[in-house]
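Here is a short report for a reader new to this structure. Look over the sequence and the model first.

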Amino acid sequence: MIFKKLKELIRKELLVLLRDRQTIPLLFLMPIALIFFLSLALKGVYSDKLTVHQISLILENSSRAPKALKLEEKIVNNKLIQRVERPEGYDNDKLFEYGKAHAVVYIPEGFDEGTKPVEIEFDPVLDAGYKVALRSLITGLTAEVVMGIDDIETMASNFIVEKKRKNIRFPSALQQSVPGWTIFAMFFIAIPMSIAFLREKNDGTLQRLFTYPVSPNLIILGKLIPYYLINLTQFVLMLAVGVYVMPLVAGLSFNLGEHPWHLVPVAMVTAAAATGFGVLIAALARSPEQTSTLAATSALLMAVFGGLMLPVVVMPLVMKKLAMISPMYWAHQACLDVILRDASFSFILPKIIILTLFALGCFYIAGRKVKWM
Amino acid sequence: MKALEISGITYSYNQPVDRSGIAENEYSLRDFSMSVQSGQFHALLGPNGAGKTTLMRLITGQLRGYIGDVFIYEHKKWGKEVLSSIGYAPQPISVFPSLTAMENLRIFGVMAGLSKDSLNRQSKEVLEETGLLSHAQKRVSTYSGGMLRRLNLAVALLHSPQLLLLDEPTVGVDPQSRNHIYETLKKINTFGITIVLCTHIMDEAQRLCTRVTMVDKGSVIFSGDMKEIDNLEKFFLEKTGRGLRDEN
């Protein structure tokens, strides 16, 4: 009989939720839209700038001497460079004003003799990183030609080796966005959840249920389980959007790492933390209007602090420390551990424990704070 | 047999009642006693803030931490048997607006422990009784005030309770709906169901009830047969005074 009652309570809650016209768009369409648009918008920010966006370059060579021709060939064949032709009637000012090229490189007569240097002129608004990269590239290629070296990088590799650390890889736009906005949307469940709690408390339906031969704990559980299940559905659906939809519609690739099943416990504790947060908001707020403001503001702040909007790795130290007060940080980092760093279960376990403690803390405070009856 | 016996109840929302030094106006109920015989139609009258709703909530087991005893059909504890014997229609219309009437009855019926067959049969019966059968599949949010009140009553009647507690069941409804509710209540009382009616409408109490308990400031100020009272409204004002009772 207990399971029959629990099943009926869950059914009722799901019916109420599904008939609320604002809930489904808020919980499902909002994160999908955020993932789609922000991944596209931030594609360049999160990617390796030079390999994703080639530098458009107008290359003019006034010399027909061998070294000048060799340099022209090297520049044109470099994968970072996209050679464009100067449109008729465009001087350099007009070129940059109309965005026709990022830079102009001019190889003068007398280059072979060493009497005149190669000239570079940049678009004044070009990102400083691009300028440095292009200047280094042209310098390197010029040095190769002048010194008669085939590949300066190969030669330099005997003296300089770049060591890459596996666990601090920079996320791509999708790797940042998909788990980030998924977790954000999961915590946004606090809005419909706390509104439903308060509405039923205020209109007396919750109290009326308490007058029946059914445990108050069962009634509360019957209200929590649907939101927990919706949270898990959000998680699965958003990952599916990242893996299957985004490559098709936005040409961005996303994979779940070597141990995708490690996302299961992460999703479970994140859902628990999000539902706990919802109950806490319901306990703290006094009206449905208050819950909306409180839940939305708290979720937004937790997302900003937690590195969901901007990767924690690029934050200053003080913000990195502050990020740790947000449960979203732990959930997001646990996801990135699995997706980006192929982390073992023992590596994500501390984050899972922290999220579990956050959930338990929320339920405990809500239980102490509010008289549901 | 007594359907309900309340003896020496003291309760405060703000303070534990076993603590000394509670201000007089902080008591919601003070040494309150009343009894209702099985099958009786009993009116509970009092001005705003007198303690009527508190008493209803206390009888239905929603409030704890009081001094005194509540017996329902001689049971002191709110076990399954006691809770199943009570039907409660609270003053606020406590149904789920986005569900249909049938879905509302289903959730409350399952909570009351009704089997599938009983639930289907009794849902139709109470909807018929309250004149809502043709609206059973409509969402409650589309109902008028009178229909909502009748659904509120239907939920209370669904599991065939022996003791029906009604907190202002006709407030804010048109004369037609009010009359329909009166007829329904009179009919079910003839089947031996005990009814405690909490109301501000004196005519309603005098028309329906055989016994009356008047409560003011958390205490009983009168208890007796309705037939002893000639003009209930006049009698009520004599007992409770004519000053306004605006709640803080």
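## Basis

This is a predicted model, in which local features need pLDDT of at least 70, side-chain atom pairs count only at pLDDT 80 or more, and totals for chains, interfaces and linings use all residues. Residues are numbered from 1 along each chain as its sequence is written, while chains are lettered from A and ligands numbered from 1 in the order in which they are written.

## Helix α1 of chain A

Helix α1 of chain A spans residues 2-18, 17 residues in total. Helices here are DSSP runs (H or I, at least four residues), numbered from the N terminus. From first C-alpha to last, α1(A) reaches 24 Å, close to the expected 24 Å (1.5 Å times one less than its number of residues).

Lys5(A), Leu9(A), Lys12(A), Glu13(A) and Val16(A) are buried in α1(A) (20 or more other C-beta atoms within 10 Å of the residue's own, with C-beta atoms placed from the backbone). Seen down the helix axis, they fall within an arc of 95 degrees, so they line one face of α1(A). The arc is taken from the directions from the helix axis to the C-beta atoms. Their cover includes α10 (190-203) and α12 (216-250) of chain A, together with α3 (101-112) of chain B.

## Contact between chains

Chain A gives 21 residues to the contact and chain B gives 22 (residues are in contact if their C-beta atoms, placed from the backbone, lie within 7 Å). On the side of chain A, α1(A) gives the most, with 6 residues.

## Domains of chain A

Domain 1 of chain A covers 2-45 + 172-369, and domain 2 covers 49-167. These bounds come from an automatic or database domain assignment. The centres of the two domains, taken over C-alpha atoms, are 48 Å apart.

How values were computed. Helix = DSSP H or I, 4+ residues; strand = E, 2+ residues; numbered from the N terminus. Buried ≥ 20, exposed ≤ 12 C-beta atoms within 10 Å, placed from the backbone. Contact = placed C-beta atoms within 7 Å.
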